[in-house]
Amino acid sequence: MDDVPLLEIRDLEKTYEDGYRAVRGVSFTLEPGMLVGLIGPNGCGKSTMMKCINRLHDPTAGEILIDGESVLDKKPGEVAKKVATVPAELRGSFGLTVFETVMLGRYPYLKNVWWEPEEDEEMVMDALRKFGVDHLKDRAVGALSSGERQRVLIAKAYVQNPRLMLVDEPTSHLDMKYKLDVMEYLNAMVKKDMTVLVAEHDISLMARYCDRCIIMRKGEIVDIGDPKKVITPELIRKVYEVDASVGFDDEGELFVLPKRYHSDHGTL
């Protein structure tokens, strides 16, 4: 099993009923113990691909394997033991408290309908402490700040004890402090036996934290690799149609400074 990738995508396709091809022949592998950034413009297929991996969408063609086993023939509960998802926003909290929300992450493992085992309660409380929200355990999730809600969602995914965590735009509504805060938590979560795949628009943030970046455009993969090597002005122009300066600060961290919109049809 040591030579089997944690995640393997083979020729993945997703075409919607209206004929739109959201994902086109995507193939790649991920090893365990990595924080991986998935970047690209809106509509490039990032979220669609992640929804195929966690079986929210059925792919049109291709294969998705976790630890060498296809997820396409597995029930949602079985997939949830391997793959956890952190959505961009919490929708429909239905008045649940922080503790109750994080406990939902243990749902794939619960054998009783009416109560949770003591070990699951202890696991949830450990996660609440780990992500700094234990003092909010009795607070309604809907009453939390954006940064607090994001940490609660990460804690919920964490207690699923997944092999792969899919995180969709975790910093989109956060200020600079909480952007760094959330990425630090995600970075700390990466284990030798687990990988975190993060879809994010902040390229500089991804370059700072990620071991590898997957760059997508129009449903296809443009490049994969060390972000400090693959993110170049040429790549930014090709993927985003933007002229940008790409450089390194005094600490060797890559930054991207957009300068102007570029298009084959002329500059606006």
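Predicted model: local features only at pLDDT ≥ 70, side-chain atom pairs only at ≥ 80, totals over all residues.

Analyst: The side chain of Arg-237 meets that of Asp-243 in a salt bridge, with 3.4 Å from N to O. Asp-243, for its part, counts as buried, because its relative accessibility is 17%, a value under the 20% cut-off. Salt bridges with shared partners also occur, and they join Asp-67, Lys-82 and Arg-163 into one network.

A further salt bridge is the one between Glu-253 and Arg-208, whose closest N and O atoms are 3.8 Å apart. This pair links distant parts of the chain, as Glu-253 sits in the loop between β11 (242–248) and β12 (254–261), while Arg-208 belongs to helix α7 (residues 203–209), 45 residues apart. Glu-253 is buried, with a relative accessible area of 17%, whereas Arg-208 is partly exposed at 38% relative accessibility.

Another example is the salt bridge in which the side chains of Arg-21 and Glu-13 meet, at 3.1 Å from N to O. Here Arg-21 counts as partly exposed, because its relative accessibility is 35%. The pairs described here are among the 14 salt bridges that the structure holds.

Note on methods: Residues numbered from 1 in each chain as written. Heavy atoms only, no water. Salt bridge = Lys/Arg side-chain N within 4 Å of Asp/Glu carboxyl O. Buried < 20%, exposed > 50% of the residue type's maximum accessible area, 1.4 Å probe, protein only. Helix = DSSP H or I, 4+ residues; strand = E, 2+ residues; numbered from the N terminus.
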